[in-house]
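Visitor: I have a model open and would like to walk through it. Can we start with the overall layout and then look at the surface?

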Amino acid sequence: MKLFDAVDEGILLTNSDLILLDANKWVETQLRQERSQLQGKKLEDIFEELNVLLLKRRIKTALLLKEKTYFHYESMPYIFKMSPLGITASHLSVMYQNITIVPRNDDEVYVIIYDKTTEALSSLNEQKYLHHLQSLNTTLHEYVTTLDQSVMTITTDLSGTILSV
């Protein structure tokens, strides 16, 4: 088994025209298609709702600079519309992804797709709970202010004589 097929991320080999040259086993499994059926197709014909202009711009940048470029799920949840993997994310309609584009030569790049759905769900849940805690804190502060304004303090001596109000 080649390393290309052994990794737990999707790997696409494409050119600057977005023609799929190769894909690893992860992609085959995710798309439920053999790589031979995918090879030679345009990525926009494989992945619905693909932002072709954005992807081409990032690929062009990677090729021009001969350096990796990235997409992070917090700025854009996905580039390639796919169903999420795993049971915990099965209620979602798309997989949250980090994408790395790595130049192979002057016209080809590897596009690596990392499934970040679990991390994204954790982050979304943390934000939801943080918002709830902030709301509870505001409510508590309002109650304490009301109590401070409504409570009367009485000072007495040991015999019960009121000293101050």
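Visitor: How many helices and strands are there in the protein?
Guide: This is a predicted model. The protein has six helices and seven strands.

Visitor: What order do the elements run in from the N terminus?
Guide: The order is α-β-β-α-α-α-α-β-β-β-α-β-β.

Visitor: And how much of the protein is buried?
Guide: Of the 165 residues, 33% are buried.

Visitor: Pockets next. What volume does the largest pocket have?
Guide: About 170 Å³.

Visitor: Which residues line the largest pocket?
Guide: Gln 30, Leu 31, Arg 32, Ile 46, Phe 47, Glu 48, Lys 81, Met 82, Ser 83 and Ser 93. That lining divides into four nonpolar, three polar and three charged residues.

Visitor: Where is Ser 93 found?
Guide: Ser 93 sits in the loop between β3 (69-71) and β4 (97-103). In sequence, Ser 93 and Ser 83 are 10 residues apart, and their C-alpha atoms are 6.0 Å apart in space.

Visitor: Is Ser 93 buried or exposed?
Guide: Ser 93 counts as exposed because its relative accessible area is 61%, and the cut-off for exposed is over 50%.

Visitor: Different topic. Which residues form a nonpolar patch on the surface?
Guide: Met 152, Ile 154, Ile 162 and Val 165 form one, with about 450 Å² of accessible area together.

Visitor: Where does Met 152 lie?
Guide: Met 152 is in the loop between α6 (117-150) and β6 (155-156). With a relative accessible area of 59%, Met 152 is exposed.

Definitions and conventions. Residues numbered from 1 in each chain as written. Predicted model: local features only at pLDDT ≥ 70, side-chain atom pairs only at ≥ 80, totals over all residues. Heavy atoms only, no water. 1 Å grid on protein atoms, 1.4 Å probe; cavity = no way out; pocket = protein on both sides within 12 Å on 5 of 7 lines; lining within 4 Å. Points joined across faces, edges and corners; volume = space filled by probe spheres on them. Nonpolar A, V, L, I, M, F, W, Y, C, P; charged D, E, K, R; others polar. Patch = residues over 30% accessible without salt bridge, like charges linked within 9 Å, V, L, I, M, F, W, Y side chains within 5 Å. Areas by Shrake-Rupley, 256 points an atom, 1.4 Å probe, with all protein chains shown as cover. Salt bridge = Lys/Arg side-chain N within 4 Å of Asp/Glu carboxyl O. Helix = DSSP H or I, 4+ residues; strand = E, 2+ residues; numbered from the N terminus. Buried < 20%, exposed > 50% of the residue type's maximum accessible area, 1.4 Å probe, protein only.
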